Amino acid sequence: MKPLAQPQRGARLWLVRHAQPLVAPGTCYGALDIPADPTATRAAAERLATALPTQTRVVHSTLQRCEQLAQELQAMRPDLTPQPDARLREMDFGSWEGQAWDSIARSDIDAWTAAFAHYRPGKGENLAAVLARVAAALQDHGPGGHAPRGATQDVVWITHAGVIRSVAWLKAHGSGVLPCPEEWPVAAPGWGEWERIDLG
């Protein structure tokens with residue numbers, strides 16, 4: 001599959017969300033390694049393969065719902081060689097993983113809200129840690145990073161909604177500010193969709 005012809009422009013970061021996961025609605029999952037729907041993954045890969053310019057660097061979360069999309073994309077675009085990066089994984093909700101959100105104690109949800117950036121849901125990972133690893137990944141793969149082919153090369157992250165929201169927060173506030181619940185970005189691409197930001 002050939003990419004579309006692209007006009008001259010600066011480099012961009014493509015933030016791609018995996019296809020719809022095969023999990024019951026209302027389930028808490030982040031680090032839970034569940035697969036994505038294979039048909040939806042293939043359709044997303046087809047759209048992405050057509051849209052991406054040549055000499056694009058592809059980096060993906062190590063969770064299988066993102067690996068599936070990376071592998072399908074490479075099958076359609078052999079010029080792209082995806083690289084795994086665990087820093088692009090979704091937040092780890094610890095013992096909450098795989099539980100229905102409705103079954104998690106209200107007091108635990110309230111404790112998370114009260115200490116939004118520092119509380120560790122299910123004794124897993126807190127938001128401050130997620131933001132720190134996403135910021136480190138941006139240093140390597142994004143704005144100000146060290147892409148081997150120069151600053152005009154696009155970078156693709158095949159990742160998760162939480163990571164994409166983390167990028168939005170870091171882009172707006174930098175790495176030295178932590179959010180309150182009401183400040184946290186809610187927008188994210190749909191399953192198998194993406195957004196782009198300038199790297200310049």
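Which residues of strand 2 are buried on one side, and which on the other? This is a predicted model, and in it Arg57 and Val59 are buried on one side of strand 2, residues 57-60, while Val58 and His60 are buried on the other. Both faces of the strand are therefore covered, with buried here meaning under 20% relative accessible area.

Now the neighbours of that strand. Strand 2 pairs in the parallel sense with strand 4, residues 155-159, over four bridges. Val58 sits opposite Val156 of strand 4. Strand 2 also runs parallel to strand 3, residues 83-84, joined by two bridges. There, His60 has Pro84 as its bridge partner. Between strand 2 and strand 3 the chain passes through helix 2, residues 64-76, in a right-handed β-α-β crossover.

Strand 1 and strand 4 run parallel, with five bridges between them; Leu15 stands opposite Trp157 of strand 4.

Last, helix 4, residues 127-141. Its 15 residues reach 20 Å from first C-alpha to last, close to the expected 21 Å. Its buried residues include Leu127, Leu131, Val134 and Leu138. The buried residues of helix 4 pack against strand 1, strand 2, strand 4 and helix 5.

Notes: Residues are numbered from 1 along each chain as its sequence is written. This is a predicted model: local features need pLDDT of at least 70, side-chain atom pairs count only at pLDDT 80 or more; totals for chains, interfaces and linings use all residues. Side-chain values use heavy atoms; hydrogens and water are left out. Buried means under 20% relative accessible area, exposed over 50%, partly exposed in between (1.4 Å probe, protein chains only). Two strands pair if DSSP finds at least two bridges between them. A crossover is right-handed if, with the strands pointing away from the viewer, the path from the first strand over the helix to the second runs clockwise. The expected span of a helix is 1.5 Å times one less than its number of residues. Contact means heavy atoms within 4.5 Å.
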